[in-house]
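Please look at how two protein chains meet. The sequence and structure come next, followed by a short report.

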Amino acid sequence: MTAIETRRTGLRVPAALKSPTILLGAVLVGVWVFAALFAPWIAPYDPLQSRAPLQLPMSRGPDGSLYLLGTDLLGRDILSRLIWGARAVVLWAGLATATAFAVGLAMGLVAGFYKGWVDKVLSFIANVILSFPVLVLYILVIVTFGASGLNIVLAVTFASAPGIFRIVRALTIDIAAQDYVAAAIVQGESPLRIMAVEILPNAAGPLIVDACLRLGYTTITIGVLGFLGLGLPPPTPDWGSMVNDGRPMAIAFPHMVIFPCIAISMMTLGLSLVADGIRELGLRHGRA
Amino acid sequence: MLSAISKKTAEVLGAMLVVSFIVFLVLEANVEDVAVKVLGAYSAPDQRAAWLAENGYNDPFLVRYVRWLWDFVTLDWGQSTLFRVPVTDVLPQRLAATGVLAGATLALMVPIALVLGIVAGMREGSATDRSVSFFSVLTTSIPEFATAVFLSAIFVFWLGWLPGASTMISGFSITELILPVSVLTLYSAGYLARITRASMVEAMRSPYVRTALMKGASTSRIVLHHALRNALIAPVTVVMLQIPWLLSGVIVVEVFFAYKGFGTLLYEAALNSDVFLIEACAMVSVVVVVATQLISDILYRLLNPRLRVAVKPAGATA
């Protein structure tokens, strides 16, 4: 390689497995990722099918079928809706975070590498977007363009890319000052190659932590939008929307809102724990 | 110092100007759409045309933007189609109600978070430190609406101690404020506690604390006299920056508990396509965010002696 000194950034997997924080987080997230992957095989019933309305948890319906977590007002099995809802959350939160990261990475690398007016313009754009309270921004975008999975991706990208941009920009400025980047420039490597091969891999550690946290925020965002009635359009099973639907009847049938809340909390807590664990490992290895 | 602040102010005003343009572009670029939203979907086409002509909507876009901005600055915010009164009649009281909620949250959250952060940061790696860290990860990772559901399940449905809604129909009520404030406090305390802890840990590792320790100063004197002064710089600025974040949480909590504040106002305006009310709410929330960013920046400069000199540090944006 062209680098004079290559920094080790890759976290070794066995070290990660020894951290109880990462393990606990991975299990909490893993349960729902598994559910999302294998939804058609593990969900007991069709999540959209109306069976027996308002069954309590652990009860049997008139036809003798068991409802582990009960059913909702329309008689749909809550466990099946949670399992299929995991699919919606994993898919849209993953896609939205990935898109936001792609935009933020591209902007941050360019601004941090070229500096000058490019940096000024991009930083100003980021500042403008960051002067909106996030949720106000989401509500404006969703109300103006309508509620759909793609518009959620659009809104999340728009709102989170500036934050990612700032982190990537700061890391890039820091790394671009290193000798191995100067060496690559002298060797006549193209800027694109320097950004992709020299700078990006050395920024990976902090970015992985940020990605875990952002995935959690996006999951919360999708939940909150669903809760406000601005989420994925019905009848898509979506955790936030399930809470919104069950709210009017929550006094008599709290199971309709409590289980979706537990599901989303498991997911977001798990992601925070993983991020925290990785950051701790990174600190122990001498880098943030 | 003054030049740094005026530069920051200019920057912030520039950002606000662009934001106002975006808000106007998104909501009023399509005049036909504005007419439908104001007059209703069943209004006759000639009625809409007359309304548009009467209110100057046939002028060029930029002319309309400048006029709109001037109206905003002079507090002429138009008529709310939802409430059928001027926007300036509904917005201030809702903003005041949210101010009460946010004020109570800050009054509770800041002391709790500071104490937790200081206690955790005093002894890095201790059992207290680790429990505080876990507590803050737990409370900040759970979405506000889920915390609201869990707390309501315990205190409203199970124990029956607290009311489940905070409509304040029969006047102001402290008991109706407890749950919303608790949810917001739980959600925001963790972050501030973490910042305080990190900055306390850094202060405790510093040479001046080590010196004080070797001189035989007592723990309380070291913490109160030496470490705390420097450790509190970061949290003070973070509290200001948390206000915009609190504003997002406020919308969810207000909607959940049916609290008549700024958050529910914005939400109702958005759901009912009340154009002028949405514009006013969006602009007010941007003013709040920008003002807190500016105050945070100024506080940081005032508190941090290293920044009091006129030398501008690289990349010192808050």
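How many salt bridges are counted between chain A and chain B? The count is one. A salt bridge here is a side-chain nitrogen of Lys or Arg within 4 Å of a carboxyl oxygen of Asp or Glu.

## About the model

This is a predicted model, where local features need pLDDT of at least 70, side-chain atom pairs count only at pLDDT 80 or more, and totals for chains, interfaces and linings use all residues. Residues are numbered from 1 along each chain as its sequence is written, chains are lettered from A in the order in which they are written, and side-chain values use heavy atoms, with hydrogens and water left out.

## The interface

Chain A brings 39 residues to the contact, and chain B brings 42. Contact means heavy atoms within 4.5 Å. The two chains bury about 3400 Å² between them. Carbon and sulfur atoms hold 79% of that area. Buried area is the accessible area (1.4 Å probe) lost when two parts are put together, summed over both.

The salt bridge joins Arg194(B) to Asp276(A). Their closest N and O atoms are 2.8 Å apart.

Six residue pairs, both at pLDDT 80 or more, are in polar contact across the interface of chain A and chain B. Such a contact needs a pair of N or O atoms within 3.5 Å; within protein, one must be able to donate a hydrogen and the other to accept it, and residues adjacent in sequence count only if both atoms are side-chain atoms.
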